[in-house]
Amino acid sequence: MHLLQRGSAVHSRTAKQQRRPSAAAAPLVVRAVAEPTTRPAEAAKRNGAANGNGKPKPSHFLNVIPKTAWEKGIPPVMGAHLMASGAIAPISTSKGAGLGVEAHQFQYPGEGNAQVVVFATPKNASKGLSKLIAASAAAAIAAKGSFTLVLSGGSVLNTLSALAEVKGVDWSKWWVAFVDERNVDHASPDSNYKGAVEALLGRVPIPKEQVLAIREGLPVQQAATEYEGRLLGLPAGVLPRDDEGLPVFDLIVLGIGPDGHVASLFPNRPELAATGPWVLPVSASPKPPPERITFSLPVINAAKEVMVVALGESKSEIVQRVLEVQALPGALPAQLVRPKAGRARWVLDALAAQELNIGEWENLKDFPRNK
Ligand SMILES: O=C(O)C(O)[C@@H](O)[C@H](O)[C@H](O)COP(=O)(O)O
């Protein structure tokens, strides 16, 4: 585990903690920010309801997997729950529309590589994130002479603007790709590329040929294939492959949507189960615009490091659900972000973290909530 910079608090849940309740690991709190404004009683009530203790929960907490969508069962790539015995849980134990879910241990492979970093304010988070990214870049450049940064769209792009102020960055070694992109022209206000240029790329001297934007004006399937082709063509010194042939990006920075989507991997959609292509076309996206391309989940999880950035009160509910509430497989794509050999970091501000019960994560009797 790594400790992070001043002004933030780092929290981890380790696989060891979850498997061996008697061997609690020491907490990794470096420096606490102002206590989050969690109201324990309300949180306990909500969490209890989410675990099927008989209390109804509001409809927007329901995780519904339409049976018709997965006739042969939920594909394993979408995540399977491990039971306390270590066995993989049955596909769904939902008794009805998400109510009364059976108790399973909330535990996934790679759990020990996850950290939550909480900054006091969005400004601190933006600065802190910039330093984390710059540190990842420096490490990658020292190790392999290049740094591959993969961006998503939405509000996270603005958060990256502080990166342009960081001193001593060797921008000439950076390569930038997009974990998802809307299938629109670069000049469109919907373009993630345009957002990234305005927030960061237009302000730093990364060579233009090292910024991989979507090709404009193609049908979405072709746009995905063409983008994947360019990634496949990158030299191994820039984009190495793992033993499964998947690309190992140095850092993927994700935002998160209110439904738990990351990149353009939306809940209970077929793209979540894709294991072949690196880049997938998405049509009829629930978040506009309707056509997008997205990295597959295995490509995201092959990265050396993934950061999920969530700032502000509007993200607090989904952050709490993803980090503390067991979802049915596929219901919360963000819960499936678990780099198989790398590290996952959640970068939050105090408002986004306010519903979390971080203090209880060390309480092995009540967390994970498996009763
Ligand atoms: O292009 C996109 O739409 C995304 O990459 C998407 O995954 C985004 O990151 C989240 O929806 C969060 O977006 P906000 O932070 O703007 O809510």
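Which residues does Asn-301 touch, leaving aside those up to four places away in sequence? In this predicted model, Asn-301 touches Leu-336, Val-337, Arg-338, Pro-339, Lys-340 and Ala-341. You can find Asn-301 in helix α7, which spans residues 297-301. With a relative accessibility of 11%, Asn-301 counts as buried, because buried here means under 20%. For a sense of distance, look at Glu-198: the C-alpha atoms of Asn-301 and Glu-198 are separated by 28 Å, and the two residues lie 103 places apart along the chain.

Now let us step back and view the whole chain. The protein chain has eight helices and ten strands. Of its 371 residues, 56% are buried. If you take the contacts between residues at least 6 apart in sequence, 76% of them join residues at least 24 apart. The chain exposes about 15,900 Å², and 58% of that area is supplied by carbon and sulfur atoms.

Which way do its side chains point? Trp-174, Val-176 and Phe-178 point one way, while Trp-175 and Ala-177 point the other way.

Follow the chain onward from β3 and you come to Ser-152, which sits in the loop between β3 and α4. Is Ser-152 buried or exposed? Its relative accessibility is 4%, so Ser-152 counts as buried. Its side chain has two polar contacts to look for. A polar atom of the Ser-152 side chain lies 2.8 Å from the backbone oxygen of Val-253, and the side chain also reaches the backbone nitrogen of Gly-255 at 3.0 Å. Beyond the residues up to four places away in sequence, Ser-152 touches several others, including Leu-157, Val-179, Asp-180 and Asn-192.

Helix α4 comes next, and Thr-159 lies in it. Thr-159 counts as buried because its relative accessibility is 11%. Leaving out residues up to four places away in sequence, Thr-159 touches Ser-126, Leu-129, Val-309 and Leu-311.

Asn-192, one of the residues touched by Ser-152, leads us to helix α5, residues 192-199. In α5, the buried residues include Asn-192, Gly-195, Ala-196 and Ala-199. They are on the same side of α5, because they cover an arc of only 95° around the axis.

Strand β5 belongs to an open sheet of three strands, arranged in the order β5-β8-β7 with antiparallel pairing. The edge strands are β5 (180-182) and β7 (279-282), each of which pairs on one side only. On average, neighbouring strands of this sheet are turned by 15° against each other, direction ignored. Helix α6, residues 220-232, packs on the sheet and touches β7 and β8; the direction of α6 makes about 165° with that of β7. Between β5 and β8 (residues 292-295), which run antiparallel, there are three bridges. Here Asp-180 stands opposite Thr-294 in β8.

Two more elements complete the tour. Strand β2, residues 114-119, has five of its six residues buried, so the rest of the structure largely encloses it. Six bridges join β2 to β10 (residues 343-349), and these two strands run parallel. Across this pairing, Gln-115 stands opposite Arg-345 in β10. Helix α8, residues 316-324, is also largely enclosed by the rest of the structure, because eight of its nine residues are buried. Among them are Ile-318, Val-319, Arg-321 and Glu-324.

Conventions. Residues are numbered from 1 along each chain as its sequence is written. This is a predicted model: local features need pLDDT of at least 70, side-chain atom pairs count only at pLDDT 80 or more; totals for chains, interfaces and linings use all residues. Side-chain values use heavy atoms; hydrogens and water are left out. Two strands pair if DSSP finds at least two bridges between them. Helices (H or I, at least four residues) and strands (E, at least two) are DSSP runs, numbered from the N terminus. Axes are lines fitted to C-alpha atoms, for helices over the stretch in contact, and angles run from 0 to 180 degrees between N-to-C directions. Contact means heavy atoms within 4.5 Å. Buried means under 20% relative accessible area, exposed over 50%, partly exposed in between (1.4 Å probe, protein chains only). The arc is that of the directions from the helix axis to the C-beta atoms. Accessible areas come from the Shrake-Rupley method with a 1.4 Å probe; for residues, only the protein chains shown count as cover. A polar contact is a pair of N or O atoms within 3.5 Å; within protein, one must be able to donate a hydrogen and the other to accept it, and residues adjacent in sequence count only if both atoms are side-chain atoms.
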